[in-house]
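Please open the model in your viewer and keep the selection tool at hand. The tour goes from stop to stop, saying what to select and what is there.

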Amino acid sequence: MAIADHPLVGLGYTRPSAVRSFVRLDPDGSSSAAATVAEEVPIALVYNGRPHVVVMGTPTDLEDLAVGFSQTEGIVDDGSFIEHVDVVRASHGIELQIQIPDASAARLEDRARGLVSRTGCGLCGVETINDALRVPVQVSSRLVVTVDILWSAGAELSRQQTLNNETSTVHGAGWATADGELLVVREDVGRHNALDKVLGALARLGMNPRDGFVVVTSRASYEMIQKAATCGVELLAAISRPTGLAIRFAEAAEMTLVGLLRGRTANVYTRPERILTPN
């Protein structure tokens, strides 16, 4: 096989999805078929010319990913600190070349980080427990939503997941205003990436995450709470159950954590006072 024909050549130039053929098996035998699949590529985040970490993700909204990841991982205190992001595509994958202030770069060098993580890994190669369990900041307490707004945001996120509706593969994250309008939706094969893309998009648009809430199509792991709290999000709702550590982190951040948001039912694990119900 020529190098140019190798299946792994050209990863950096792939589209978010592609139609792939396969053989379908059933009790009557086999048949040829095709379906749309989501692509997954290596994405390297490079700060001031120094490689930091590689995540596996969906090749869309990459500037949002760069800004969101930089905020939620504490590399910069605010998205406005990022001087510029260059998206560099290559045969082997994609580099996000991110320029940050010298003070932030020096702080980053003090944190020993690995260079490779699995799909959308929320830890991204941290080497110590203290790095992994960054105590979340306490969020403010100004958000109040009705339960109907919560139902509406969950349903709208499903409708706006264009890539997942094609592939049934990727996670979605969305940010809704306090009155329930879902303004920002991002998708990725990695749940952490999808959330980082939403928070990065808000920063790039000059919108305050505190003015609304986040809904996600994945489970609510503690890293999701940690990332959301870093940006001041007061309420995170997930379609799956949270882990025990996620609940502990939500309690520490005084965040409202909702799980099993499906249709018109949900479980509220922490701070239920932010959600108004008929009774």
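Are Glu73 and Lys227 buried or exposed? Both Glu73 and Lys227 are buried, where buried means under 20% relative accessible area, exposed over 50%, and partly exposed in between (1.4 Å probe, protein chains only). This is a predicted model, in which local features need pLDDT of at least 70 and side-chain atom pairs count only at pLDDT 80 or more, while totals for chains, interfaces and linings use all residues. Residues are numbered from 1 along each chain as its sequence is written, and side-chain values use heavy atoms, with hydrogens and water left out.

**Stop 1: Glu73 and Lys227**

Keep these two residues selected. Glu73 and Lys227 form a salt bridge, with 3.0 Å between the closest N and O atoms; a salt bridge is a side-chain nitrogen of Lys or Arg within 4 Å of a carboxyl oxygen of Asp or Glu. Glu73 sits in the loop between H1 and strand S5 (84–90), and Lys227 in helix H7 (residues 222–230), so the pair ties together parts 154 residues apart in sequence. Helices (H or I, at least four residues) and strands (E, at least two) are DSSP runs, numbered from the N terminus.

**Stop 2: helix H1**

Now select residues 62–72, which make up helix H1. Of its 11 residues, 10 are buried, so the helix is mostly covered. Among the buried ones are Leu62, Leu65, Val67 and Phe69. Just after H1, look at Gly74, which takes a positive phi of about 70°.

**Stop 3: Asp64 and Arg186**

Select Asp64 together with Arg186. Their side chains meet in a salt bridge (2.8 Å, N to O). This pair links distant parts of the chain, with Asp64 in helix H1 and Arg186 in strand S10 (residues 182–188), 122 residues apart. Asp64 is buried, at a relative accessible area of 4%, and Arg186 also counts as buried, at 19%.

**Stop 4: helices H6 and H7**

Select helix H6 (residues 191–205) and then H7; they pack with their axes 10 Å apart, at an angle of about 10°. Axes are lines fitted to C-alpha atoms, for helices over the stretch in contact, and angles run from 0 to 180 degrees between N-to-C directions. H6 and H7 are therefore roughly parallel to each other (angles under 35 degrees count as roughly parallel, over 145 as roughly antiparallel, 65 to 115 as roughly perpendicular and the rest as oblique). The contact (heavy atoms within 4.5 Å) involves residues including Leu195 and Leu199 of H6 and Met224 and Lys227 of H7.

**Stop 5**

Select Thr256, in strand S13 (residues 256–262). Thr256 counts as buried, because its relative accessibility is 0%. Its side chain makes a polar contact with the side chain of Arg274 (2.9 Å); a polar contact is a pair of N or O atoms within 3.5 Å, where within protein one must be able to donate a hydrogen and the other to accept it, and residues adjacent in sequence count only if both atoms are side-chain atoms.

Next, select Glu254, in the loop between helix H8 (244–253) and S13. Glu254 is partly exposed, with a relative accessible area of 22%. Glu254 and Val139 are 115 residues apart in sequence, yet 6.2 Å apart in space, C-alpha to C-alpha. Leaving aside neighbours within four places in sequence, Glu254 is in contact with Gln138, Val139, Arg271 and Arg274.
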